[in-house]
Amino acid sequence: MPEIPTQVQQFLDALVSVPPLEGYLVVGAILFAIGTWGALIRRNAVVIFMCVELMINGVNLTLVAFADYLPNAGGLGVSYAVLVIAIAAAEIAVGLAIVLAVFRSRRTVNVDEVTSMRG
Amino acid sequence: MTVAFVFLAGMTLVSALGVVLSRSVVHSALFMSGSFLGIAGYFVMLNAPALAAFQVLIYVGAVTVVILFGIMFTQKPQVRRYRTIINRQFWAGFLVAAGVGAFLAYVLSAEDWGGTEAGNGPREVGAFGRDLLGVSQGAEIFTLLYEVASVLLLVAVVAAIVVSRRKIGGGVDRGVRE
């Protein structure tokens, strides 16, 4: 069996090693930030809903990462994530119903044009 | 594991950027399901395979279909110019979001989490189910939360019907007698 150089061996070890907790947390934070950006800049109400779902998924990822990595969490973050998914499903149902109602009365889903409650 | 981590990070974050920046609403919805699939892969890596199945069933399946229905009802699926889909706060919103993301990432990685070892998650589906139903030790509150979530789902279903229902005489009914 040929000798593997030390650097290559270290690189291969790094490739198969378990990623740290901070990696998951940073991915969740970036996903939350991208969702925030979309919710701030897009005009279409349906796309704003999608961006809110992205933010919810970032938070879910953080919860599950904590549940897996922290010994005292007891794995309960996964159960909380199930509840979050249920509440997000309820939110998307009611939210799209509101979007449909607004579209039916105003013929638009552009949030910049729905301004009758502006102070 | 790191290879899978990097692959899923790229898939999730690039698809999330696709949701924000794609010019067609239908493409945004499909990018969103790609991002949810990446998150489901993370759930598998984090010892929660049952939750990954829920994620695929509910998010990739149900939520994407419901959002595609919403798109179908409210607009023509056509590619629009950036000026019509993005408001004037493009760079201001980018600064705010980048600030939020950088702050969250800094706080989360600067915090000392103590002894963190992977593999504490409820890998067995049985243990996960006992946690979710509040049977196992230390998870009694989930008995209440589970019931509250089910009542919330019932209320949401009724509310969605009531909010989006066509009022009697309020629109054109084709072939429906009131």
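Predicted model: local features only at pLDDT ≥ 70, side-chain atom pairs only at ≥ 80, totals over all residues.

Colleague: How many residues of chain A are in contact with chain B?

Modeller: 72 residues of chain A are in contact with 77 of chain B (C-beta atoms, placed from the backbone, within 7 Å). Helix 4 of chain A gives the largest share of the chain A side, 22 residues (helices are DSSP runs of H or I, at least four residues, numbered from the N terminus).

Colleague: At what angle do helix 2 of chain A and helix 1 of chain B pack?

Modeller: The angle is about 10°, and the axes are 9 Å apart (lines fitted to C-alpha atoms over the stretch in contact, with angles from 0 to 180 degrees between N-to-C directions). Among the contact residues are Trp37(A) of helix 2 of chain A and Phe5(B) of helix 1 of chain B.

Colleague: Is helix 2 of chain B largely enclosed or open?

Modeller: Helix 2 of chain B is largely enclosed by the rest of the structure, because 15 of its 21 residues are buried (20 or more other C-beta atoms within 10 Å of a residue's own, all placed from the backbone). Just after this helix, Asn47(B) has a positive phi of about 60°.

Colleague: Which domains does chain B have?

Modeller: The assignment, automatic or from a database, gives domain 1 (1-78) and domain 2 (124-167). Their centres, taken over C-alpha atoms, are 23 Å apart.

Methods: Residues numbered from 1 in each chain as written. Chains lettered and ligands numbered in written order. Buried ≥ 20, exposed ≤ 12 C-beta atoms within 10 Å, placed from the backbone. Helix = DSSP H or I, 4+ residues; strand = E, 2+ residues; numbered from the N terminus. Contact = placed C-beta atoms within 7 Å.
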